[in-house]
Amino acid sequence: MEGGPGGDAFGAIPFLIGSGVNRDRDLIVVAQRGTLHSQPSLACPEMDRFNATAVGLPYDAPSTGQGLVRAAKKCRDRLTAEGNDLSAYNTTENAADFAALRKALGIKKWNVYGYSYGTDLGLTYLRRHPQGIRSLAIDSVVPPQIVSLPWAWDSAQEGINAIFAACAAQPACKSRYPALSRTLTQQVRRLEAKPLTLTAAPPGGGTPVKVVLDGGTLVNLLVTDGQLVPAADVPAALYELAAGHPERLARAQAAGATPAVGEFAHGLTHSVACAEWVPGFSKRDVLKAGRRAFPGWPDSVLAHAPQLPFEHDLCRVWNVPDRTAVQRVATRSKVPALIITGTFDAKTGASWGPFTGRTLPRSTAVVIPGITHWVVPQNPCAASVLLSFLARPTAPDIGCVPGVKPKPFTIVP
């Protein structure tokens with residue numbers, strides 16, 4: 001079960017095969033309703049094109065939010081004019097698709113594996129359609145009863161603080177990069193007060209583009225899945241920035257200028273988020289959660305949940321029904337479950353794995369040190385735990401976990 005919501009599940013196949021999950025069993029990968037290889041696709045090229053230009057705009061400026069909402073409205077208007085009922089794209093219906101597929105394929109029992117939003121989906125599937133599920137493995141956990149915009153600040157705090165703590169535990173990193181938390185606060189405040197405008201080439205090469213680094217941009221670069229700014233580089237990037245060398249972060253920001261237009265299903269993202277994650281919490285609630293997580297940061301940064309800026313405004317034009325009553329429910333099940341999280345994950349904080357396990361009495365929760373979002377492809381120990389779980393769901397071999405240590409951090413002169 002792919003993440004996002006809206007990601008291309010087929011694009012994950014090389015990572016799944018690399019982790020060995022199909023070494024001695026069949027692997028079934030499903031394009032969720034609304035995603036790239038399903039019909040219809042809820043791709044939003046309008047939003048992709050706006051996001052490409054947004055790398056050169058202040059992250060949390062009202063004008064940027066207005067541009068984002070306009071792009072979303074254009075997409076919504078087109079999708080609905082094509083006859084799509086956006087209210088049908090939600091986690092309940094998504095889970096029902098998987099249940100129907102198992103029956104259609106004539107499979108008596110199967111194992112379910114999901115990561116990120118796929119864990120929200122997997123837990124919903126287990127709650128609503130437990131028949132035929134031999135085991136559930138969830139990686140980088142989004143608990144359906146908890147996920148919301150304020151929740152994103154809790155996860156950001158946990159993941160970022162874990163990176164800083166790991167640096168402090170490595171003598172070379174501690175010596176070179178002391179007081180990382182204070183440095184981050186200083187840089188968020190400085191950039192928010194006076195954004196930097198630079199020209200940078202995307203990480204993969206190509207024509208340099210204009211990028212803007214402000215406080216919100218900095219935070220969101222740290223809350224990605226580690227591909228733009230690897231966790232091992234975070235302390236170096238912050239100290240380079242403080243010393244007047246923002247090039248590493250500027251290159252990371254420039255990556256957004258070349259999106260794969262039409263591949264990501266933003267329509268599924270916002271149909272789920274606006275129905276299940278946003279209702280019940282106000283803009284004020286998001287700000288309060290941000291202030292609690294990062295006191296001293298500017299309100300203009302904290303007013304926007306990481307990765308989902310201006311979502312309240314966007315949801316007003318996306319206009320799908322509130323589904324929280326049926327979706328914000330804890331999954332309680334005796335089906336064997338494996339729960340994997342990574343300490344450096346600033347999208348879905350590591351502690352939410354054991355939290356979710358409280359209502360899954362036959363679950364095994366493992367926390368892998370030094371790993372960001374989507375743990376299994378990044379860590380051989382996590383992959384081996386998953387394979388042993390698939391073989392023996394009630395007794396996975398977790399013996400490798402205590403030996404996992406974060407990799408050494410990047411030390412620059």
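**Exercise 1. Is Cys 400 buried, partly exposed or exposed, and what is its relative accessible area?**

Solution. Before starting, note that this is a predicted model, in which local features need pLDDT of at least 70 and side-chain atom pairs count only at pLDDT 80 or more, while totals for chains, interfaces and linings use all residues. Residues are numbered from 1 along each chain as its sequence is written, and side-chain values use heavy atoms, with hydrogens and water left out.

Step 1. Set the classes: buried is under 20% relative accessible area, exposed is over 50%, and partly exposed is in between (1.4 Å probe, protein chains only).

Step 2. Cys 400 has a relative accessible area of 29%, so this cysteine is partly exposed.

Step 3. Now turn to its partner. Cys 400 is bonded to Cys 381, with 2.0 Å between the sulfur atoms; a disulfide here is a pair of cysteine sulfur atoms within 2.5 Å. Cys 381 has 9% relative accessibility and therefore counts as buried.

**Exercise 2. Describe the handedness and placement of the disulfides.**

Solution. Step 1. The structure holds 4 disulfides. Counting bonded cysteines along the chain, the pattern is 1-2, 3-4, 5-6, 7-8.

Step 1. Stay with Cys 381 and Cys 400: the torsion about their S-S bond is about 85 degrees, so this disulfide is right-handed. Cys 381 sits in helix 18 and Cys 400 in the segment after helix 18, so the pair ties together parts that are 19 residues apart in sequence. Helices are DSSP runs of H or I with at least four residues, strands are E runs of at least two, and both are numbered from the N terminus.

Step 2. Cys 274 and Cys 315 are also joined, S to S 2.0 Å, and this link is left-handed, with -85 degrees about the S-S bond. The pair links distant parts of the chain, 41 residues apart: Cys 274 belongs to helix 12 (residues 266–277) and Cys 315 to helix 15 (residues 311–318). Both Cys 274 and Cys 315 are buried.

Step 3. Cys 167 and Cys 173 form another disulfide, with sulfur atoms 2.0 Å apart. Its -100 degrees about the S-S bond make the link of Cys 167 and Cys 173 left-handed. Cys 167 is buried at 1% relative accessibility, and Cys 173 is buried with a relative accessible area of 1%.

**Exercise 3. Which residues lie nearest the centre of the second largest pocket, and how many residues line this pocket?**

Solution. Step 1. Grid points are joined across faces, edges and corners, and a volume is the space filled by probe spheres set on the points.

Step 1. The second largest pocket has a volume of about 590 Å³. Its lining counts 28 residues, with Leu 27, Ile 28, Asn 111, Val 112 and Tyr 113 nearest the centre.

Step 2. Strand 1 (110–115), strand 2 (133–139) and helix 18 (380–391) are the elements that give two or more residues to this lining. Strand 1 supplies the largest share, 5 residues.

Step 3. By class, the pocket lining has 21 nonpolar, 2 polar and 5 charged residues. Ala, Val, Leu, Ile, Met, Phe, Trp, Tyr, Cys and Pro count as nonpolar, Asp, Glu, Lys and Arg as charged, and the others, Gly among them, as polar.

Step 4. The largest cavity holds about 50 Å³, and its lining includes Ile 163, Leu 222, Phe 344 and Thr 372. That lining has 7 nonpolar, 3 polar and no charged residues.

**Exercise 4. Which members of the largest nonpolar core touch the most other members?**

Solution. Step 1. A nonpolar core is a set of buried Ala, Val, Leu, Ile, Met, Phe, Trp, Tyr and Cys residues joined through side-chain atoms within 4.5 Å.

Step 1. In the largest core, of 101 residues, the answer is Tyr 125, Trp 153, Leu 184, Trp 297 and Trp 318. Helix 6 (residues 149–168) gives the most to this core, with 10 residues.

Step 2. Take Tyr 125, leaving out residues up to four places away in sequence: its contacts (heavy atoms within 4.5 Å) include Met 1, Phe 98, Arg 102, Trp 110 and Ile 133.

Step 3. Another core, of 24 residues, lies apart from the largest one, and among its members are Leu 16, Val 375, Ala 382 and Val 404.

Definitions and conventions. 1 Å grid on protein atoms, 1.4 Å probe; cavity = no way out; pocket = protein on both sides within 12 Å on 5 of 7 lines; lining within 4 Å.
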